[in-house]
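Good morning, and thank you for coming. Please look at the structure on the screen while I describe one part of it.

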Amino acid sequence: MAQANVFEANSSQIQVEHDKKRRQFVIRLNGSHDRAVLLYEYVGKKTVDLQHTEVPDAYRGRGIAKHLAKAAMDFVVEEDLKAHLTCWYIQKYVKENPQPKYFEHIYQ
């Protein structure tokens with residue numbers, strides 16, 4: 001339980017930036033030197049492929065990728081897009097956070 005509380009305290013400090021030009025979601029870690037990223041591509045006018053999530057080794061296991069996955073899925077829903085989930089981590093995130101609003105926007 002204590003570990004969950006520690007994470008909750010830290011999660012408020014995690015800010016996800018959406019760089020639409022580069023088609024990526026970014027969390028700056030340790031100032032701006034290290035970054036966690038989620039990359040996507042448009043594969044149609046209203047279709048995106050959520051391709052890859054990467055968190056530096058030193059930051060893995062802290063729930064950082066979860067913030068990227070949530071931001072990406074919320075973007076898909078808000079923009080009324082369809083998504084291909086090429087990235088295994090986003091597939092895992094959606095399975096662990098089964099929200100109808102997500103399923104409506106995923107190509108099965």
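Helix α2, with 15 residues, spans 22 Å from its first C-alpha to its last, close to the 21 Å expected at 1.5 Å a residue; that expected span is 1.5 Å times one less than the number of residues. Helices here are DSSP runs (H or I, at least four residues), and strands are runs of E of at least two, numbered from the N terminus. This is a predicted model, in which local features need pLDDT of at least 70, side-chain atom pairs count only at pLDDT 80 or more, and totals for chains, interfaces and linings use all residues. Residues are numbered from 1 along each chain as its sequence is written, and side-chain values use heavy atoms, with hydrogens and water left out.

Which residues of α2 are buried? Buried means under 20% relative accessible area, with a 1.4 Å probe and protein chains only. The buried residues are I64, A65, H67, L68, A69, A72, M73, D74, F75 and V76. After α2 comes D80, whose phi is positive, near 55°.

Let us turn to the neighbouring elements in the chain. Together with β4 and β5, α2 forms a right-handed β-α-β unit: with the strands pointing away from the viewer, the path from the first strand over the helix to the second runs clockwise. Strands β4 (residues 47–54) and β5 are paired in the parallel sense over four bridges, where pairing requires at least two DSSP bridges. One of these bridges joins T47 to K82 of β5.

Note on methods. Buried means under 20% relative accessible area, exposed over 50%, partly exposed in between (1.4 Å probe, protein chains only).
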